[in-house]
Amino acid sequence: MAPRSVPESALAGLREDLAGQVLVPGDPGYDEARTLHNAMIDRRPAVIAQCETQADVSNAVLFGRETELPVAVRGGGHSVAGTSAVDDGLVVDLRRMHRVVVDPEDLTVRVEGGATMSHLDRACQPFGVATTGGRASTTGVGGFTLGGGSGWLERKFGLACDNLLAVDLITAEGKHVVASADDNPELFWALHGGGGNFGVATSLTLRLHELPETSIAMVFVRPESAPDVVRAFRDLGEVAPDEVGGGVICCPAPPAPFIPEHLVGELVCGALLTYAGPVDEVREFAAPLLALRPEVELVTDIAYADLQCMMDDPPGLRNYWSAEYLSEFPDDAVDVFCERAARIPMPTSTQHVLFMMGGAVADGPLDYPVPWRTAPWVVHPFATWEDPADDERVRRWVRDVRADARPWSIDAVYLNFIGNEGERRVVAGYGAGNHLRLARVKAAYDPDNVFHLNHNIAPAASA
């Protein structure tokens, strides 16, 4: 079916209003511009507005309202649910707006709404500063932060939203508002986990932290040794200082410089410790893992921006993810986790992940709509594959992982980690009480639910 046609007179007005570019089906660059990270999502927007300025964003939103087009907002385009595109609608594409301005004296950074983690981390690196970012360099800073923001540095510096100082937002009426602790504080609260429900974030100001050194310790073992590695990692996580982060990653071994050729493509279990400090110290913390005599071990210092690239999943693969946040991870859970890891669909690049949380995450503000912050562990099945014929078996494996973890689940979930899993999961992502409060904020800033192509919060009905 051909995308919806928009009157040429309306398009001419939009082209005149935008400093950026307007693309419609048939234009050079249209197909590239509509392509998302998740190859399972193939949508054909009627219009793509490639914005370059805050005024462009306002004009694009007003154009969408006037033409009655559904509006999607694209920052990094990394959403597993494909919320960055819409059939027969308007995509407000922020990717040309990716400037990053670091203030190393005030320890703040201003990031435009289309910037990725790579833009942010590379800009901060020369100053020896950082803030909590996602675990992939291609993730968009805006959606990541507004959704809560979980990453390697969270145990030391808190979630990304805990470091949020201000947001410039274009509302559904095309108006510019600032949200901060002093300006529109209720909206500012909602942006600490409420996602893209309230407008288009054209820039975010974040708190930075001094980070002169980072290092990692990583081991890989064959599946039969996985329970020992997972238990050792769990025990480390329960006593580790906040500088330590990391995860267990079971997967087919990737072709990487640190992976021996005979292991490439074979199922392995890896443990990664990240450390906000020098390599000698992370080696000391990793001693119980290194004592297991792994097939592969790597202990090294590494620039934080390079660490952020280590788990980049390439674009063009089919993606299906989910998560369960856990109150504990006892030996029974370890056994179930390892049994499911042994059944990872092959041959795919799917990962079965366990992240440690706690530290500054658990100690952060409990008022924000991120009820999952209290969980010490998260199981994150992260499925990626190429062949559409594998869709059902891979998705079934992800659902089985969730079922395995449910006995220990706190029934709250980081919505950036999941796709479309129904209204109950959306409420679980915000917390029931928070959801009601968010609905009131939604009614104040987007009463017509213009921004609904997300983990949506419907506006509260007026009294």
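View 1. Asp 446 is buried, with a relative accessible area of 0% (buried means under 20% relative accessible area, exposed over 50%, and partly exposed in between, using a 1.4 Å probe and protein chains only). Lys 442 is also buried, at 0% relative accessibility. The two form a salt bridge, with their closest N and O atoms 2.8 Å apart; a salt bridge here is a side-chain nitrogen of Lys or Arg within 4 Å of a carboxyl oxygen of Asp or Glu.

**About the model.** This is a predicted model, in which local features need pLDDT of at least 70 and side-chain atom pairs count only at pLDDT 80 or more, while totals for chains, interfaces and linings use all residues. Residues are numbered from 1 along each chain as its sequence is written, and side-chain values use heavy atoms, leaving out hydrogens and water.

**View 2. Arg 34 and Asp 31 in helix α2.** Look in helix α2 (residues 30-34) for this pair, three residues apart, about one turn of the helix. Helices (H or I, at least four residues) are DSSP runs, as are strands (E, at least two), numbered from the N terminus. Arg 34 is buried at 14%, whereas Asp 31 is partly exposed at 44%.

**View 3. Asp 400 meets Arg 340.** These side chains form a salt bridge (3.6 Å, N to O). Asp 400 lies in helix α13 (residues 391-405) and Arg 340 in helix α12 (residues 331-341), so the pair ties together parts that are 60 residues apart in sequence. Asp 400 is partly exposed, at 28%, and Arg 340 is buried, at 13%.
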